[in-house]
Amino acid sequence: MAQQLLMPKATAIWLVDNTALSFDQIAQFCKLHPLEVKAIADGEAAQGIKGLDPISTGQLSRDEIARAEANPNHKLKLSEPKVRVPESKRRGPRYTPVSKRQDRPNAILWLVRNHPELKDAQISRLVGTTKSTIEQIRERTHWNSANLAPMDPVTLGLCSQIDLDMEVEKASKGRPLPTAAELGATLQPAQETERMSPSFEREEEREIDADAVFAKLKSLKSSSKDEDEDDRF
């Protein structure tokens with residue numbers, strides 16, 4: 001991997017302000033156009049950017065700047081980094097330990113049932129299998145389909161919960177929202193419920209007849225007195 005300059009515009013600002021390098025030399029080193037470097041020098045571009053010293057970051061030496069200032073045809077070269085960062089390896093198919101490979105069909109069956117939105121390539125990345133195996137399990141043509149039981153690949157240790165969530169989120173993007181029929185909705189729209197009459201009728205409030213109430217109370221009192229007199233005899 002070729003070494004690249006950090007923050008080219010900020011470096012160009014510092015070189016314009018602190019060196020006698022030509023616009024072409026700075027443009028070549030910072031991978032900019034000479035007119036853009038000229039605009040930086042005139043204060044017409046990159047006004048809000050603070051200059052970055054390439055010497056302090058170890059990307060350019062003072063001797064290299066001095067040689068370029070003495071020779072306008074000299075092209076600046078990046079300094080060799082003091083620490084070599086190993087290149088990241090390209091991610092290939094997920095490696096599955098031999099002891100857990102027998103659990104992959106169960107994990108595939110779990111993913112197919114619980115996350116039908118996942119594509120075969122995503123399932124393959126999660127559990128380290130092939131598309132033909134996924135298709136066989138999906139169509140129940142796998143040689144051991146009768147004995148398969150869906151099992152969570154995270155519980156089996158075939159993938160992490162973060163990886164599973166990321167793949168599910170990717171697969172869910174752009175999908176249409178489920179309809180009410182798909183969700184099995186039982187609630188009716190508000191427009192229909194507002195038009196519906198209630199299932200029970202509220203009793204109408206009746207006017208209270210005061211004479212009838214007092215007459216009933218008097219009859220109750222007289223009956224209670226008669227009962228008391230009978231008890232005495």
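Colleague: Where does Ser124 sit, and why is Ser124 called buried?

Modeller: Ser124 lies in helix H6; a helix here is a DSSP run of H or I with at least four residues, a strand is a run of E with at least two, and both are numbered from the N terminus. Buried means under 20% relative accessible area, exposed means over 50%, and partly exposed is in between, using a 1.4 Å probe and protein chains only. Ser124 has 18% relative accessibility, so Ser124 counts as buried. Leaving out residues up to four places away in sequence, Ser124 touches Thr129, Thr130 and Ile134, where a contact means heavy atoms within 4.5 Å.

Colleague: What kind of model is this, and how are residues numbered?

Modeller: It's a predicted model, in which local features need pLDDT of at least 70 and side-chain atom pairs count only at pLDDT 80 or more, while totals for chains, interfaces and linings use all residues. Residues are numbered from 1 along each chain as its sequence is written, and side-chain values use heavy atoms, with hydrogens and water left out.

Colleague: What makes H6 and H9 roughly antiparallel?

Modeller: The axes of H6 and helix H9 (residues 161–172) come within 10 Å and cross at roughly 175 degrees. Those axes are lines fitted to C-alpha atoms over the stretch in contact, with angles from 0 to 180 degrees between N-to-C directions. Angles under 35 degrees count as roughly parallel, over 145 as roughly antiparallel, 65 to 115 as roughly perpendicular, and the rest as oblique. So H6 is roughly antiparallel to H9. Gln122, Arg125 and Leu126 of H6 make the contact with Asp163, Leu164, Glu167, Lys170 and Ala171 of H9.

Colleague: Which residues of helix H7 are buried, and how do you know that they're on the same side?

Modeller: In H7 (residues 131–138) the buried ones are Thr133, Ile134 and Ile137. They cover an arc of only 100 degrees around the axis, which puts them on the same side of H7; the arc is taken from the directions from the helix axis to the C-beta atoms. Helices H5 (104–114) and H6 (120–127) are among what covers them.

Colleague: What about helix H3: which residues are buried there, and why do you say they line one face?

Modeller: Val37, Ala39 and Ile40 are the buried residues of H3 (residues 34–41). Seen down the axis of H3, they fall within an arc of 160 degrees, so they line one face of the helix. Their cover includes helix H1 (8–18) and helix H2 (23–30).

Colleague: Is Gln59 buried or exposed, and how do you know?

Modeller: Gln59 is in the loop between H3 and helix H4 (62–70). At 4% relative accessibility, Gln59 counts as buried. Setting aside neighbours within four places in sequence, its contacts include Gln4, Leu5, Phe29 and Lys77.

Colleague: Why is Lys31 called exposed, but Arg140 partly exposed?

Modeller: Lys31, in the loop between H2 and H3, has a relative accessible area of 71%, so Lys31 is exposed. Arg140 is in the loop between H7 and helix H8 (153–156), and its 42% relative accessibility makes Arg140 partly exposed.

Colleague: And what makes their phi values worth a mention?

Modeller: Most residues other than glycine have a negative phi. Phi of Lys31 is positive, near 60 degrees, and Arg140 has a positive phi of about 60 degrees.
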